[in-house]
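This briefing covers nonpolar cores, a helix pair and selected side-chain contacts. Please read it alongside the sequence and structure shown here.

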Amino acid sequence: METNTDSCRVVAPSSREALRLVREKLGPEAIVLSNRVTAEGVEIVAALERAITAMTVAAAQTGVALPAPVESLPAARVPSLPVVPSDGDAVLREIHSMRGMIEEQLAGMAWNEAQRRDPVRGHLLRTLLGAGFSARLAKDLLANLPTGQSYANGLAYVKSALEGQLPLLENEDALMDEGGVYALMGPTGVGKTTTTAKLAARCVMRFGPEKLALVTTDSYRIGAYEQLRIYGQILGVSVHAVKDAVDLELVLADLRDKHMVLIDTVGMSQRDRAVSDQIAMLCSASRPVKRLLLLNASSHGDTLNEVVQAYRHGEGAAGAGDLVGCIFTKVDEATHPGVLLDMAIRHQLPVHYISSGQKVPEHLALCDRRLLVDSVFQAKSASALFVPGEAHLDERPVALRNDQELLAAEAVSERLRSQCQQLIRALTHNARELTSNAAALSAGRIGFDETRAFWRRLSDEHAGQAEIARDLQLQAGTDAAAACGRYVLLLAGETRLPGKKNTESAVHRSAVLLSDRTGLPFAAVHEVPAYPALAGSLAQNRFAKPIVHLLACTPEPGLIAEWQNAGLHWAACTTATLRVTAAGSGTAGTLAKLAAVVPFSTAQPFLFRGKAALQSVADVMVRLRVGTGDGAAGGPDNAAPLRCVIRRVVDAESGKPLAHSYLLASAGVRATALQMAQWPGWRLAAEPHFKLFGQTLAQLAEAGAAGEAAGQKRLLVGGQVCTTVLRLQRAPQPWAETARQVLAQLAGHAGRAGRSVSGPVLLEGLGKFLVLLDALETDAAAASCRPHAAAAQG
């Protein structure tokens, strides 16, 4: 590098490096005199302005022209310096204009070189321009993109950068709680009146109509006030019309008791001088008016830029307050919605809401940063006539067969990407996460391994119905020994079979078995008969433990006697008005009166509906009274003794009673009263099993074979699948919460930590999860076989 204090000559491998060396030596005010390509690299000659002035004066005095610079870089097309005229000021003007032109061309040259080194960068630039982003923002987003990235990783980088720069309304609750006066502004036809009605509906649902008022300044458009007045009548909100600043001041004074006031302003072109008058009127009010700008998603980027600049302060509206944010409207009509994000980022306008239709209030929603950015790249125009192509970017066009094939390929790609988006996020492109979740489910003791094994046998033609039924019975016996203490709890119910007409065969009666320790289901039993033949069915106990049948209501006295003679156990929820007689004291009355005199156990801490409480239980033997007197038929002397467990729940702080529950059971049940008091709650928690069972059968039928044999296999396996889903849904451990969120994402639902996931969603996610596990194992097995096959061929 040759240099003195006022000029220098540098040689570097690239033009960018050479410019950096020039700036380090001479500073940012250096002027590039020439550049060329040599065998050593890119050569740049630069000087400071005072050195060029001295050279110019000397040349003028001697009458000698300055030599023209050497040939410049072909890509930059830098013009050669002309012969210096005698006028020194004219020379300086020429040099200043040439300096800007040279720097601009050198920057373009550096960008083109970067694209040639990294073709993905050029592909991403076309994607951003096609989505509607300006060239300046697109280049800024790609400036720091690491080289060597795939297109998918590069697009993910761009989306992440957009999410980081996009300003949003982070907390709608804070905005609503703060209240105030909000004016919705924008050009004609942008949707101010409709959006005002949508916002009003959200406010009414939160605060009620008495806390809100609507104001319109639109006295020009025919029917403007009537349209807003109709919306106000529907919502029960008062509507006021103002013409000038005096009217506005009076109306706002009258509405000072309103928590929120929404002003629908008159629509004006951004080039109308009256825009500044309207801004001045709103900002001069004694009560602060916060202005929200509505941006039409179907407008051109330059038009939106003019709108923002005009409505931000307004010409002549000195001292006017700035916009507090913006609302995107007509998003459903946009072909290149990236322009909206570009405007919000360029002007740093927080996006408050997105409007995508005419329905009030359904088509107004808060912004989700990730979904909004994703939607920009999903919206494709069928013919992007006004988007720069590759030829406009000084790039060589890619050889394509024809436009129709390109559009078809893009449509298929977008459809596949949309279908797999949730799956890709859940698995994060890593098979280890899939297997780790499978390992967590396997170790969680919820029957996942057994469910997966039986699920596989659905597609096994060699696995018959009898074989699956036998193995399920053996598995149920094993689970009963491990999960249950003294009893096996059984809950029977009915499920309507999918695809069946309203006949007796369309209803399938089954039962789910619960643990008497935790209340969690562990197996399903099929072909459970109705009550008259229930005794014979329950007598066939296959679990080496007594079965307690959980009932929703008290059975008839005849059935109670029949089950007592057969030695069967049952427990049923009952009401406080049931007439009984205490077996010991002979006290007759309702269970509510009996609860007032029987002794209760020591109160223990208990969580009741999320609130700290105390529970205590009473255990007493009673007889049912079916008549009105002591000598009535079926009175207490003739009835069988029954066990009655009463649970009382009181507030932990005040001692105020919160709830009472009553449970009747056969006298032979020997569980503790505290254990039995939990059975009604367990029964209610297990009842969704039968509805979920029907959904499981429908899901299995969609991908399964037809025929009665296949249907019977689905009945057997479906019960096992349901018990696993219910146990996962109620598991409190951290691994279970992670598994629930993964399955929800696989099912296409945006699960959130701490929010419960429904059984149908878990069922759908579990089916896809099992398919992915099989696909992963199949692929791994095929990969392990390929080396052996190659060795055999060799």
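A residue counts as buried when its relative accessible area is under 20%. The model is predicted. By that cut-off Ser-276 is buried, because its relative accessible area is 10%.

**Ser-276 and its helix**
- Ser-276 belongs to helix α11, which covers residues 274-283.
- From its side chain, Ser-276 reaches the backbone oxygen of Arg-273 at 2.9 Å.

**Nonpolar cores**
- The largest nonpolar core contains 63 residues.
- Within this core, the residues with the most contacts are Phe-133, Ile-263, Leu-295, Phe-328 and Phe-377.
- Another core, of 40 residues, lies apart from it and includes Leu-472, Leu-700, Cys-722 and Leu-728.
- Neighbours within four places in sequence aside, Phe-133 is in contact with Leu-128, Leu-162, Gly-338, Val-339, Leu-341, Asp-342, Val-376 and Phe-377.

**Helix α14**
- Helix α14 spans residues 369-378, and its buried residues are Leu-372, Val-373, Asp-374, Val-376 and Phe-377.
- The N-terminal end of α14 is capped by Asp-368, with a side-chain oxygen 3.2 Å from the backbone nitrogen of Arg-370.

**Helices α4 and α5**
- Helix α4 (residues 119-131) packs with helix α5 (residues 135-142) at an angle of about 140°, and their axes are 10 Å apart.
- The crossing of α4 past α5 is right-handed.
- On the α4 side, Arg-121, Leu-124, Leu-125, Leu-128 and Leu-129 meet Ala-135, Ala-138, Leu-141 and Leu-142 of α5.
- Sorted by class, this contact of α4 with α5 has 8 nonpolar residues, 1 charged residue and no polar ones.

How values were computed. Residues numbered from 1 in each chain as written. Predicted model: local features only at pLDDT ≥ 70, side-chain atom pairs only at ≥ 80, totals over all residues. Heavy atoms only, no water. Core = buried A, V, L, I, M, F, W, Y, C linked by side-chain atoms within 4.5 Å. Buried < 20%, exposed > 50% of the residue type's maximum accessible area, 1.4 Å probe, protein only. Contact = heavy atoms within 4.5 Å. Axes fitted to C-alpha atoms, helices over the stretch in contact; angles between N-to-C directions. Helix = DSSP H or I, 4+ residues; strand = E, 2+ residues; numbered from the N terminus. Left-handed = near helix turned anticlockwise from the far one by under 90°. Nonpolar A, V, L, I, M, F, W, Y, C, P; charged D, E, K, R; others polar. Polar contact = N/O pair within 3.5 Å; in protein donor to acceptor, adjacent residues only side chain to side chain.
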